[in-house]
Structure formats: structure tokens, C-alpha cells
Amino acid sequence: MKITGAVLEQIGAPAPYAQSAPISVTELELDPPQRGEILVKIEAAGVCHSDLSVVDGSRLRPVPMLLGHEAAGRVVGTGDDVDLAIGQRVVMTFLPRCGECAACATGGRLPCQAGSASNGVGELIGGGRRLRRGDETINHHLGVSGFADHAVVSALSVVPVDDDVPPEVAAVLGCAVLTGGGAVINAGQPQDGDDVIVVGLGGVGMAAVMVARSRGLGKVIGVDAMESKFDAARDMGAHVVYTPDEALAHGVKAAVVVEAAGNVRAFETAIALTAPGGITVTAGLPDPAAMAHVSPTGLTAEARRIAGSYLGSAVPSRDIPTYVDQWRAGQLPVEKLISSAVGLDAINTAMDRLSNGDTIRQIVQFS
């Protein structure tokens with residue numbers, strides 16, 4: 001079938017992207033779903049730093065690539081051996097889990113080996129690609145490629161939700177909430193009364209603040225260099241918000257500190273704000289060549305730990321229904337994460353806004 005999608009043509013184009021236009025909105029050919037796959041009509045897709053990291057070259061992926069990894073839509077077709085009904089709304093997640101490898105047996109702590117391998121080469125977990133432009137093969141982004149009106153994905157990449165969950169809420173659950181919330185709950189594992197600090201108040205960081213507050217723990221503290229985000233962070237549930245310098249100057253510490261900014265300074269700040277016996281959870285993805293300075297003595301003498309958390313150490317089929325229940329109960333107002341709606345034709349401008357840090361979550365909406 002013919003679809004329209006946003007294809008990254010080159011990596012590392014100079015900003016502003018509205019001028020260099022590394023992403024083109026173009027007509028593509030989408031092959032039908034194979035065994036274990038579904039055809040989804042996309043309803044909403046979030047613009048996330050994991051998309052931007054491919055655009056700016058922080059994450060090298062094969063191009064041309066149809067971007068988008070945080071999305072939701074309706075099942076409109078299936079291959080064989082799929083237990084999903086036509087018309088079912090699904091949340092799309094950017095790491096399929098085969099359920100059979102040793103990593104999948106860790107309860108979310110490690111990313112699926114097969115899913116990671118297929119994501120790295122721009123294929124679906126079942127093997128191969130379903131996107132073409134004439135004689136040219138187009139790569140998939142993280143098994144989703146949600147910046148299009150339709151997508152073929154593995155059934156292992158989706159979680160069904162009921163119709164009462166709006167598509168924009170469903171989309172954000174698949175990345176921002178899974179990643180940020182899971183970094184707090186699954187990786188940080190705060191106990192009753194523990195304070196939680198979140199360093200970096202983008203979409204993932206704000207979701208971490210929201211989930212931490214929903215659990216009724218100790219104080220939730222936001223940290224970001226941009227004071228323009230402070231009011232939104234308080235609205236998401238932060239009891240208090242600081243710049244990094246203010247937090248360090250005030251001696252602020254917490255048992256669980258989540259780094260969600262994806263840069264070295266944020267990572268080093270998060271370590272410095274971790275209380276004795278506490279854990280620093282890093283959920284951000286800086287450039288792979290970036291290096292941080294850490295004092296091993298500080299870790300040893302204060303019995304502190306550092307843990308990485310990919311996709312919030314989540315099992316999407318386990319965690320998304322829990323977040324949906326909290327959303328229904330009014331404990332997790334995910335709608336607050338959404339800054340604005342944009343059209344697919346404005347995707348390069350949306351990347352500029354994301355890069356500038358003046359937005360939380362932009363949602364590409366499809367008619």
C-alpha cells in the first residue's frame with residue numbers, strides 16, 4: 001500500500017533543521033504484514049530525543065530511515081499467528097521483546113537481545129524491512145517507524161489498550177512514561193519515605209517526576225538548567241525544583257536520583273546529588289563518545305550505586321496496564337506531558353524545538 005512518512009535522508013545535518021531539512025515527508029510503499037506482524041493506522045506519535053539523536057548523529061543508524069518510535073494507533077490488518085483484533089488500539093514500544101532470550105528472563109532489567117539486534121540494523125524483529133521507495137529500501141526506526149500514517153510492526157512491539165485511552169496518551173505511555181517512570185520504579189526501587197530527584201526535565205524526566213509523585217513516596221525534586229521548565233515540573237508533581245548549581249549549593253540529596261537529560265553534566269550532577277547508600281539511575285543516552293568523571297572513592301565510602309536503565313527496565317506488557325490504571329484513577333495525568341500538536345509536514349521544525357529544550361512532548365497527529 002502507499003503511505004506518507006517522514007524519512008531521515010542524512011545524519012548530522014546542521015541545525016536549524018527547518019532550514020537544512022534532513023527529514024523529508026514522502027510517499028512510500030509499505031509491504032503487508034508477515035507472520036506475527038500487524039498493520040497499524042497511526043493516530044498519534046510523540047517527538048522524542050531518541051528521534052533527535054539519530055538526526056544529529058548522536059546515535060548512528062542506517063539511513064534512509066522512517067523515524068518515529070513513540071506512537072499509538074488502530075490495528076487494521078494482521079499476518080498469521082497474531083492474537084489481536086482488527087480495530088484494537090495499541091501502544092507501540094521501541095524495544096520488542098522475544099520472551100525467549102536470557103535477557104528477556106531478567107524481568108526487564110536487560111533489553112531483549114533479538115530486539116536490540118534488529119533495532120540496530122533497521123529491521124523488524126521477524127527479519128527484514130517492509131518499507132520501500134521505488135527500488136530503494138527504507139529502514140525501520142526501533143521497530144516502529146511511527147512518523148507515518150500507517151506502519152507494519154511486530155506484534156511483539158505493541159501492547160493493547162482500551163478505547164477510553166486517547167491516542168496521544170497511549171503514544172506517550174509507550175516511551176516517555178515507560179522510560180521515565182520505569183527508571184524510578186523498576187530501576188530505582190524507592191522505598192516508603194524515600195526522596196526522589198530527577199535531573200533533566202524533558203518528556204522522560206517529567207514522566208519520572210509524575211510517576212514518583214503518584215507513588216506517594218517522600219519529596220519529589222526536579223533539577224534542570226532551564227528555569228522556564230520549573231512551573232511545569234511543579235504542575236507534574238515536583239515538590240521543589242532547582243537548577244543544578246542551586247541543588248549542589250543547598251546540599252540536596254536523595255536516596256534515588258534519576259538522570260534523564262542524556263548529557264555528561266547531568267550524569268555527574270545526578271551522582272553528586274545521590275545520598276549515602278542511594279542509587280543513581282541513568283536513563284539518558286548521550287553521545288557514545290562522551291565520558292564522565294566519577295570518584296570511585298565516593299561510591300565506595302558511601303556505599304552508593306550507579307545503574308543504567310533502558311526503556312525504564314520495563315516489560316511493556318506488564319507495566320503499561322499499570323500506568324493505564326493509574327491514569328484512569330486520576331493519579332497519573334499523562335495529558336500534562338503534551339506540549340503541542342504538530343503536523344507531519346512540520347517535523348523538521350519540531351526537531352528544532354526539541355533540540356532547543358523549549359518543549360516537553362510534541363505530538364504528531366494524523367487524521
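Which elements are included in what covers the buried residues of α5?

**Entry 1: conventions.** I am working on a predicted model, in which local features need pLDDT of at least 70, side-chain atom pairs count only at pLDDT 80 or more, and totals for chains, interfaces and linings use all residues. Residues are numbered from 1 along each chain as its sequence is written, and side-chain values use heavy atoms, with hydrogens and water left out. I took helices (H or I, at least four residues) and strands (E, at least two) as DSSP runs, numbered from the N terminus.

**Entry 2: helix α5.** I looked up the cover of the buried residues of α5, and it includes α4 (167–188), β11 (196–199), β12 (220–223), α6 (230–236), α10 (316–328) and β18 (361–365). Contact here means heavy atoms within 4.5 Å. Buried means under 20% relative accessible area, exposed over 50%, and partly exposed in between (1.4 Å probe, protein chains only). Of the 12 residues of α5, 11 are buried, so the helix is largely enclosed by the rest of the structure. Among the buried ones I noted Gly203, Met206, Met210 and Ser214. I also checked the length: α5 (residues 203–214) reaches 16 Å from its first C-alpha to its last, close to the 16 Å expected at 1.5 Å a residue. The expected span is 1.5 Å times one less than the number of residues. After α5 comes Gly216, with a positive phi near 65 degrees.

**Entry 3: the barrel.** I traced 5 strands that close into a barrel in the order β1-β2-β7-β8-β4, with mixed pairing. Two strands pair if DSSP finds at least two bridges between them. β1 and β2 (residues 23–30) are antiparallel over 7 bridges, and β1 also runs antiparallel to β4, with 2 bridges. Val7 stands opposite Ser24 in β2 and opposite Leu66 in β4. β4 (residues 65–66) pairs with β8 (residues 136–140) in the parallel sense over 2 bridges, and Met65 stands opposite Asn139 in β8. In β1 (residues 2–8), 5 of the 7 residues are buried.

**Entry 4: Asp51.** Where does Asp51 sit? I found Asp51 in helix α2 (residues 49–55). Asp51 is buried yet has no salt bridge, the nearest side chain of opposite charge being Arg361 at 7.2 Å. A salt bridge would need a side-chain nitrogen of Lys or Arg within 4 Å of a carboxyl oxygen of Asp or Glu; Lys and Arg count as positive, Asp and Glu as negative, and His and the chain ends are not counted. Leaving aside neighbours within four places in sequence, the contacts of Asp51 include Leu67, His69, Phe147 and Met351.
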